[in-house]
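Subject: A structure for you to look through

Dear colleague,

I am handing over the structure below, and I would be glad if you opened it beside this message.

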Amino acid sequence: MSRSRGDRRAGRRVAVALAALAAVALLARVWNLGWRVAHQDEARVAHWTLHYMDVGAWTYRPIIHGPFLPHVNGVLFDLLGASDFTMRLVVAVAGAGLVVTPWLLRERLSRPEVVAVALFFAGNPLLLYYSRFMRNDLLLAAFMFAAFGLFVRALDTGKARYLYAAALPFGLAFTTKENALLYPVCWLGALALVLDGRLVLASAADESRFDVAKAAAVRAARAAWRYKLHLGAALVEFAVVVVAFYAPKPGLYEGLRNPELLPGVLRRATLGSWSEFMRLWGSTDMQQHSYVEFLKHDLTVLAVGATALVAFAVVGFLHERYATDEPRPVVAACLYWGAFSVYGYPAVADISAAWSMINAVVPLAVPAGVGAALVFERGRAAVAAGNAPAARAAAIVLVVAAAGTGAVAAQTTYANAQGPDNPLVQYAQPSGEMQPTLREVHAASERNDGVDVLFYGEEFYNDAEDERSVSLNLTHGGYEGWFDRLPLPWYFERYGSNVSSTLQSETIVERQPPVVVMLESDESQLEVDLAEHGYSRSVHQGYQYARPVVFYVHENATA
């Protein structure tokens, strides 16, 4: 058997291993996916998606980030129905798909390293938790890493098809979240440091730094010139993807039917979207916070949700840089990319949240895979040499890392997905067991005529509740008090609940609605005892550890 044939067989085994890992990762992500009650950000975007579907229109609104989720989930809701499961499904699939992307780096990494990177993508607690969460952060990181891998593959093979393939996830990344703009900046910074490392090695080898830098620049310029047509076509592909998502709907369809309208539609999709983005996220008000406090929080998240990954990343990078004759650029570039994200996001983030560190964990998985594979290879070599102590040491390191990662993932993602002592949970996640109460609201809404849910209190009140028209509303959440009620509007819209509000206790007694909702802080203002009128009381935290919300459900509501 020739060596090339053996290499092909080994490559197929790695491909099969990645496919199996992706299947397990998908199962871990979709299992009981709809159990956790919606985070307020999830509910906000999901409810707005229902709003877009109702009015048959969409326009870019930067407060809910890019158009990818509203557009894609609108299709899923049409096909599968709106639910907590379906709203998170596309993110879960993307999280599982990330597991196979290390295959794109097979020319730069060894086979054990490719599998190790895939294992980190599959089992890292932070990536697992936010693969079961309807936010754009995991989507952005997955699309960008896929684009990165395809760009590297294009360099390795010289085949333009990988360039065109890369343009698709790169364009989709820009439709998920605005911090996609930071990724090319991280890549350029990482490449600059990689080049600097080459210059240091050149100096150590008595080579001219100028000649090395010049040779790198000439190679890049020649490659760009050789593929100029393909680069231009890929850029057009990227633009088409971005415009297709950001263009207002149904304006885009009208522009395609009437070309005279198309320039205006294109302006709104490009310059208009950029203007809206800068008006909100370009404001200095969005970044007025303590950098040190945000950094401390992000480092805590990494310490809890990526301990093994970060430790192996450091080992892999140091070994690659100081213990090899020819350090591989892709390993160093991913370490730098991840480090830029760790120390950069605390400066640009508007809130302190664990999901920001997804942008760091994904690139750091590459040097982490190198570090884990190094320990594995040293252990295997020790077994072959009969060095039992070294073999046991390597096995202990790998087993402890795997067991610790698995335990943290099980605790943070499944056992305590909403709890106040879970550092991966952002504070706007309601905690506790709200689901049984929501099921009662659903049942009451299906059998009741008239008002199904009555909100009580100043914060929840809206004086024009019954006069809302079905039109695209970009002023508030949709109406006054909407943001304060989150995540409940998402559920009540799905249930078809007839919702109203009041400031008067007498109104509750007069209307006798099946469900009354209020803040616990407003409960003292009630002038009636609802228990005497047939209501049972339950309390659920509106945030992770604060803002309790009281539900009063009438005894006849679900009978």
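**The largest pocket and its lining**

Helix α9 gives the most to the lining of the largest pocket, with eight residues. Helices here are DSSP runs of H or I with at least four residues, while strands are runs of E with at least two, and both are numbered from the N terminus. Please keep in mind that this is a predicted model, in which local features need pLDDT of at least 70 and side-chain atom pairs count only at pLDDT 80 or more, whereas totals for chains, interfaces and linings use all residues. Residues are numbered from 1 along each chain as its sequence is written, and side-chain values use heavy atoms, with hydrogens and water left out.

The volume of the largest pocket is about 1700 Å³, and its lining is made by 37 residues, of which F151, V152, L155, L191 and A220 lie nearest its centre. Among the elements that give two or more residues to this lining are α7 (136-157), α10 (209-226) and α16 (329-348). By class, the lining has 30 nonpolar, two polar and five charged residues, where Ala, Val, Leu, Ile, Met, Phe, Trp, Tyr, Cys and Pro count as nonpolar, Asp, Glu, Lys and Arg as charged, and the others, Gly among them, as polar.

The search uses a 1 Å grid over the protein atoms alone: a cavity is a set of points where a 1.4 Å probe fits but cannot get out, a pocket is an open set with protein on both sides within 12 Å along at least five of seven lines, and lining residues have an atom within 4 Å of a point. Grid points are joined across faces, edges and corners, and a volume is the space filled by probe spheres set on the points.

**Two cavities**

Across the whole structure, the search finds two cavities of 30 Å³ or more. The largest cavity holds about 70 Å³ of space, and α2 gives the most to its lining, with four residues. H65 is one of the residues that line the largest cavity; this residue sits in the loop between α2 (40-55) and α3, and its phi is near 70°, a positive value in a residue other than glycine.

The second largest cavity has a volume of about 50 Å³, and its lining residues include L486 and P487. These two residues are joined by a cis peptide bond with omega of about 5°, and P487 lies in the loop between α20 (482-485) and α21 (488-495). Most residues other than glycine have a negative phi, and most peptide bonds are trans.

**A pair of helices**

How do α3 and α4 cross, and within what distance do their axes come? The axes of α3 (residues 68-80) and α4 (residues 84-97) come within 9 Å and cross at roughly 125°, where axes are lines fitted to C-alpha atoms, for helices over the stretch in contact, and angles run from 0 to 180 degrees between N-to-C directions. The two helices are therefore oblique to each other, given that angles under 35 degrees count as roughly parallel, over 145 as roughly antiparallel, 65 to 115 as roughly perpendicular and the rest as oblique. The residues of the contact of α3 with α4 (contact means heavy atoms within 4.5 Å) divide into ten nonpolar, two polar and no charged.

With best wishes
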